[in-house]
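Hello,

Here is the structure we talked about. Please have a look at it, then read the notes below.

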Amino acid sequence: MTTTDPIADMLTRIRNANMVRRDFVLVPASRMNLAITKTLKIERFISNYELLRDKSQRVIKIQLKYTDKGQPVILGLKRLSTPGLRVYVQRSEIPRVYGGLGITIVSTSRGVMTGKQAWRQNLGGELLCSVW
């Protein structure tokens with residue numbers, strides 16, 4: 001079954017797995033999902049990820065990260081740009097999430113990166129999601 005918004009599907013799967021304290025979550029693999037997962041790994045919101053080949057399709061196994069007290073590291077995920085309403089920003093318009101405690105993930109002409117990296121490289125692009 002196809003989804004109309006695979007990024008929102010991935011974020012919802014991560015959000016749901018965090019709420020029930022799962023160790024890992026499986027999401028369908030795509031280039032965009034893999035790029036977002038890599039960004040989450042670099043920014044230390046997840047502990048690890050692995051690309052697996054399930055029966056007929058590829059999936060990404062994302063190892064979720066929790067604090068010593070068992071609280072999830074990812075407190076919130078929000079999809080900013082949707083298929084029905086794309087949100088594009090210039091360098092000066094890239095939002096900061098919780099005063100810099102969270103990240104904004106942006107799709108630029110040089111690939112998927114955080115809002116801070118896009119700002120440093122003087123790039124704008126499509127706002128994909130914010131994570132805190």
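Pro28 is found in strand E1; strands here are DSSP runs of at least two residues (E) and helices are runs of at least four (H or I), numbered from the N terminus. This is a predicted model, in which local features need pLDDT of at least 70 and side-chain atom pairs count only at pLDDT 80 or more, while totals for chains, interfaces and linings use all residues. Residues are numbered from 1 along each chain as its sequence is written, and side-chain values use heavy atoms, with hydrogens and water left out.

Pro28 counts as partly exposed, at 26% relative accessibility. The classes are buried under 20% relative accessible area, exposed over 50%, and partly exposed in between (1.4 Å probe, protein chains only). Leaving aside neighbours within four places in sequence, Pro28 is in contact with Asp9, Arg13, Asn33, Arg58, Val59 and Ile60. Contact means heavy atoms within 4.5 Å. Asn48 is 20 residues from Pro28 in sequence and 16 Å from it in space, C-alpha to C-alpha.

**Helix H1**

Which residues of H1 are buried? They are Ile7, Met10, Leu11, Ile14, Ala17 and Asn18. These cover an arc of only 130 degrees around the axis, so they lie on the same side of H1. The arc is taken from the directions from the helix axis to the C-beta atoms. Their cover includes strands E1 (24-28), E3 (58-64), E4 (77-79) and E8 (125-131), as well as helix H2 (31-42).

Just after H1, Arg21 takes a positive phi of about 60 degrees. Val20 lies in the loop between H1 and E1. Val20 counts as exposed, at 53% relative accessibility. Its C-alpha is 10.0 Å from that of Pro72, 52 residues away along the chain.

**Cores**

The largest nonpolar core has 22 residues. Such a core is a set of buried Ala, Val, Leu, Ile, Met, Phe, Trp, Tyr and Cys residues joined through side-chain atoms within 4.5 Å. Most contacts inside it belong to Ile14, Ile36, Leu40, Ile62, Ile74, Ile105 and Val131. H1, E1, H2, E3, E6 and E8 each supply at least two of its residues. H1 gives the most, with 5 residues. Apart from this core lies another, of 7 residues, among them Val89, Val106, Met113 and Leu127.

**Rings and charges**

The count is 1 aromatic pair. Rings of Phe, Tyr and Trp (its six-membered ring) pair if their centres lie within 6.5 Å; planes under 30 degrees apart count as stacked, over 60 as edge-to-face and the rest as tilted. The rings of Tyr98 and Trp132 have centres 5.4 Å apart and planes at 55 degrees, so the pair is tilted. The two residues are 34 apart: Tyr98 is in the loop between E5 (88-89) and E6 (103-108), Trp132 in the segment after E8. Tyr98 is exposed at 55% relative accessibility, and Trp132 is partly exposed at 24%.

Two charged ends also sit over rings. Lys61 is over Phe24, 4.5 Å from the ring centre. Arg91 is over Trp119, 4.0 Å from the ring centre. The rule asks for NZ of Lys or CZ of Arg within 6 Å of the ring centre and within 35 degrees of the ring normal.

Best wishes
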